[in-house]
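Hi,

Here is the structure I promised to pass on. Have a look at it first, and my notes on what turned up follow below.

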Amino acid sequence: MSVLIFVDHADGQVKKSSFEALTYGAKIAAQIGTTAEGLLLGTVTDDLSTLGKYGVTKVHQVANDTLNHLDAQLYSKVIAEAVTASGATILVFSHNQTGKAVAASVSARLKAGVVTGACALPDTSNGNFIVKKTVFSGKAFANVNITSAIKVISLNPNSFTTIAGDGVAEVAALNVAVNASKIRVAAVNKIVGEIPMSEADIVVSGGRGLKGPENWGMIEDLAKTLHAATACSRPVADAHWRPHHEHVGQTGFQIAPNLYFAIGISGAIQHLAGVNRSKVIVVINKDPEAPFFKAADYGIVGDAFDIVPKLNEEIKKLQVNA
Amino acid sequence: MKILVCISKTPDTTSKIAFKDGNTKFEDAGVQWIINPYDEWYALVRAIELKEKDPATVLHLITVGGADCEPIIRKALALGGDEAIRINADNFDSYFIAAQIAEVAKQGAYDLIFTGKETIDYNSSSIGGIVAELVDAPYISLATKFDVAGNTVTVTREIEGGEETNEAELPVVVSCAKGVAEQRIPNMRGIMAARTKPLKVVEPAAIDALTSVVSYELPPAKAGVKLVAADNVAELVRLLHEEAKAI
Ligand SMILES: Cc1cc2nc3c(=O)[nH]c(=O)nc-3n(C[C@H](O)[C@H](O)[C@H](O)COP(=O)(O)OP(=O)(O)OC[C@H]3O[C@@H](n4cnc5c(N)ncnc54)[C@H](O)[C@@H]3O)c2cc1C
Ligand SMILES: Nc1ncnc2c1ncn2[C@@H]1O[C@H](COP(=O)(O)O)[C@@H](O)[C@H]1O
């Protein structure tokens, strides 16, 4: 009856979103009086015993190189065996690209109910297992009861604060037969030098108000100062001013950073749907009537071309003084 | 090649989100329903393009939903496709929906099953993975490009901070994101043709749902924006640092 948390990694390192999932899974375990364990497929350079910090007592590792590449079908089989071997009844993922591919797949294999996009601890009173998840692209929440014996949940990135203690986890090799993958990886194109939006604490986003791709220098400068990722509205990506992977909103990426800067973006309902879970929203727009101000925490009515460079300078000053 | 495209309906993106019956049901009064954009713009259009390239391709559409889904599935047929199947059941549970699709998929021996990346109402991103497991096919999710030559598919998919190109042999299940195709508008000929295309209604297989919605809630309203004068950018930085503790 333990909780098993899937530990995702890239380039030899455990992802930040997995620290959140581990913390979340350990909290669930504490809530229902059981233990939490991690599961890592493939190999990393990180010392896995340090994952104990997030509350897991043990990390199972299936150290097979085939598993360094995502193959949902293969992962699903291996994870299902790990669930059986460890006796887990609750399986936790991060709702990132890997989680989106695997959580549902393995749930089918285990005949377990799945709730993706969880954003709070489950309500486990009265024999229920009610998970709060975002629906309507962040415009509402649904409370969903999982009624199967085994339960699969994936946690929205950035919706649960990581808590690091001083625990040390036992690392245990798990022997599971791994088939050959039916998927061949022909090419990997990582965007170098950029912080992926899903991992970023701060996102600086620009809209059509910036007039053209040539004006993105100040957005990139601000992002660089803040160690932030860059994003954009849909028309900006559609016009190829910015790459598609920066498009946020109902039909783009949904993000929930600690801080979101919306610069020259009007705040259409479809845009807000992808970003309104951000903890703090700052809007810079020359139109005081722009709908985005209604969803903002802080705002400046003014010309982005004037304000953004100043903002960058002021933040640099703060960083120097800090 | 036989292709099955999964089509779902969703409230128009501008719909007011509200709930009824003690917050247990979506308030659908006055709501315009549309085809889920990922299904329409990307999955369906790419499937149509494949059929245009190879007219021998058989293209079926499937939806799990009540009779109120018929306008949506007809609209999808107006874009393209040979026939549609509607499984007559209304259920929120991903396993239930996917298992219904998998039943049809197994009987139809499809080579390629397309879903959208996610529905924009429930945002589950789950149906494709479950269908793939149940039909025992490889699953490639969040595709941004899709090509097929002979039996081999080449799929570019989103990974964190980039993209990756995968190859696999048919049959496969693929979930489609932006980039796979470009949105199309149905033309008059398509709309006329759709009226006479077969739309089969199938009763659902006996499958138990594994989850159920207990209630819905709306997020708490924002406290209201704090405006800072345009000539006082330093004050914004101070607030972000000292008050919001965000930088
Ligand atoms: C089905 C559907 C799905 C959609 N999905 C998405 C989605 O996922 N994401 C998304 O973003 N959109 C989406 N849209 C589009 C959405 O409705 C809006 O059209 C879009 O978000 C507007 O982008 P924008 O704010 O950049 O541009 P605009 O609406 O043109 O706004 C530009 C803003 O910049 C301001 N401005 C102009 N000059 C300056 C200046 N010098 N300084 C400061 N401010 C300035 C203007 O006042 C204005 O508010 C979708 C639409 C539909 C129908
Ligand atoms: N009721 C349904 N009927 C047919 N296909 C569906 C249904 N619900 C979801 N899908 C498909 O599965 C995809 C992912 O949906 P979801 O897992 O619910 O986010 C959608 O984009 C559709 O292609």
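**Where the chains meet**

Strand S9 (residues 140-146) of chain A pairs with strand S14 (residues 211-217) of chain B, antiparallel and over six bridges. Strands here are DSSP runs of E with at least two residues, helices are runs of H or I with at least four, and both are numbered from the N terminus; two strands pair if DSSP finds at least two bridges between them. Ile146(A) sits opposite Thr211(B) in S14(B).

Bear in mind that this is a predicted model, where local features need pLDDT of at least 70, side-chain atom pairs count only at pLDDT 80 or more, and totals for chains, interfaces and linings use all residues. Residues are numbered from 1 along each chain as its sequence is written, chains are lettered from A and ligands numbered from 1 in the order in which they are written, and side-chain values use heavy atoms, with hydrogens and water left out.

The predictor gives the complex an ipTM of 0.92 and a pTM of 0.92.

As for the interface, 92 residues of chain A are in contact (heavy atoms within 4.5 Å) with 79 residues of chain B.

There are seven salt bridges between chain A and chain B, counting a side-chain nitrogen of Lys or Arg within 4 Å of a carboxyl oxygen of Asp or Glu. Lys178(B) and Asp238(A) form a salt bridge through their side chains, at 3.0 Å from N to O. On the side of chain A that touches chain B, helix H3 (residues 97-109) of chain A gives the most, with eight residues.

Cheers
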